[in-house]
Amino acid sequence: MPHRVLVDTTPSPLVLEALSRSCHLHDLSVDGEATLEAMGMFDGIYTYGHMPIDGAYLDRTPKVRVISNFGVGVDHIDLRAAADRGIPVGNTPDVLNGATADMTFALLLAAARNLVVGDRYARGPEFTQYDPNILLGAEVHGSNLGIVGLGKIGTEVARRANGFDMRVLYHNRRRNLQAESETGATYCKLEALLDQSDFVALNCPLTPQTRHLIGTGQFARMKSTAVLINAARGGVVDHEALLTALRDGEIAAAATDVTDPEPLPRDHPLLSVDNFIVAPHLGSATHRTRDAMGRGSVENLLAGLGGRPLPTQITA
Ligand code: 8YV
């Protein structure tokens, strides 16, 4: 009898193949909402973060004995509620550190050097000859980078920044002495980081403490030439305040892989702001990383379904 597993979007071929023999998947994006009766029969949940999984949700899935998250960020899962019900939660840390740090730098460079506006211009009728006076950007090498969240991904960002001869400041819940010695990053309070940074990269998880960590007061502190990069979660930034900051020139630009909500409504004013660059949550989107995430999340799922400890389990 195959295990019954609820998935919130269609998994990759690698994941489908790995689960094909032992699991029957109910794919919410294809099969639609499950009936209450079907919910009661699920043995596991495999999630890409499309639905909040809280206590009320888990009460409708009383047989679930594992939640496997494709990705490291678990802000959509109430870990306490899962723990209270004895349900282990697995995620896919580590394998995506490099790819997400690369994406942070892709956003940083794109914003600093007007890559998106430049691409549009280079395709359009206005580009008739080289113009030395247009689209002048910010120097990346030699500038100050402030990293908010110097965990594993943030540390990878700091390593890349060293290659660009940047001075790296960071703010974190607690000092990361190992990362400091490996990368030369300097710990400082958030306020000091915002005051001094030319680029502010958000690489922290979304938690009740980091929700809207960057809002009106923080934009007011930032340099008018500063660029905000968000490869973390949209909710870390107050988007109303971001819109005002970009429109009023409180900061020069923002480049983000994540938004709140995600996606932004098609008529959201940020989408018509030129100094705002947005990507569709591509932080870990490389072939190698997504395959590794697929393998890790499958191992977690199958371990939980088999009553074994999850290889990468998160605690509440
Ligand atoms: C995932 C991410 O692609 O790991 C994370 O936290 O944001 C991404 O790598 C995303 O969670 C979708 O599953």
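Which residue just after helix 6 takes a positive phi? Asn114 does, at about 55 degrees. Point 3 returns to this residue.

1. **Basis.** This is a predicted model: local features need pLDDT of at least 70, side-chain atom pairs count only at pLDDT 80 or more, and totals for chains, interfaces and linings use all residues. Residues are numbered from 1 along each chain as its sequence is written, and side-chain values use heavy atoms, with hydrogens and water left out.

2. **Helix 6.** Helices are DSSP runs of H or I with at least four residues, strands are runs of E with at least two, and both are numbered from the N terminus. Helix 6 covers residues 97–112. Its 16 residues should span 22 Å at 1.5 Å a residue, and the end C-alpha atoms are 23 Å apart, which agrees. The expected span is 1.5 Å times one less than the number of residues. Burial is next. Buried means under 20% relative accessible area, exposed over 50%, and partly exposed in between (1.4 Å probe, protein chains only).

3. **Positive phi values.** Asn114 is not a glycine, yet has a positive phi of about 55 degrees. Its place is the loop between helix 6 and helix 7 (115–123). Asn114 is partly exposed, with a relative accessible area of 22%. Leu135 is another non-glycine residue with a positive phi, near 50 degrees. Leu135 sits in the loop between helix 7 and strand 6 (144–148). Its relative accessible area is 35%, so Leu135 is partly exposed.

4. **Cis peptides.** Asp260 and Pro261 are joined by a cis peptide bond, with omega about 0 degrees. A cis bond also joins Glu262 and Pro263, where omega is about -5 degrees. Pro261 is in the loop between strand 11 (253–256) and strand 12 (276–278). Pro263 lies in the loop between strand 11 and strand 12.

5. **Ligand shell.** A residue is near a molecule or strand if one of its heavy atoms lies within 4 Å of it. The residues surrounding the ligand are Tyr48, Phe70, Gly71, Val72, Gly73, Leu96, Arg233, His281, Ser284, Arg290 and Met293. They divide into five nonpolar, four polar and two charged. Here Ala, Val, Leu, Ile, Met, Phe, Trp, Tyr, Cys and Pro count as nonpolar, Asp, Glu, Lys and Arg as charged, and the others, Gly among them, as polar.

6. A backbone N or O atom of Phe70 lies 2.7 Å from a ligand oxygen. For a polar backbone atom of Tyr48, the distance to an oxygen atom of the ligand is 3.3 Å. For Gly73, it is 2.8 Å from a polar backbone atom to a ligand oxygen. Taken alone, the ligand exposes 330 Å², and the protein buries 87% of that. Areas come from the Shrake-Rupley method with a 1.4 Å probe; for residues, only the protein chains shown count as cover.

7. **Aromatic pairs.** Rings of Phe, Tyr and Trp (its six-membered ring) pair if their centres lie within 6.5 Å; planes under 30 degrees apart count as stacked, over 60 as edge-to-face and the rest as tilted. The count comes to five aromatic pairs. The ring centres of Tyr46 and Tyr48 are 5.5 Å apart and the planes at 70 degrees, so this pair is edge-to-face. Both Tyr46 and Tyr48 are buried. Tyr170 and Tyr187 also form an edge-to-face pair, 5.4 Å centre to centre with 70 degrees between the planes. That pair links distant parts of the chain: Tyr170 is in strand 7 (residues 167–171) and Tyr187 in strand 8 (residues 186–187), 17 residues apart. Tyr170 counts as buried at 0% relative accessibility, whereas Tyr187 is partly exposed at 29%. Ring pairs also link Tyr46, Tyr48 and Phe70 into a cluster.

8. **Thr47.** Thr47 is in strand 3 (residues 44–47). It counts as buried, at 0% relative accessibility. Its side chain makes a polar contact with the side chain of Asp8, at 2.7 Å.

Methods
A polar contact is a pair of N or O atoms within 3.5 Å; within protein, one must be able to donate a hydrogen and the other to accept it, and residues adjacent in sequence count only if both atoms are side-chain atoms.
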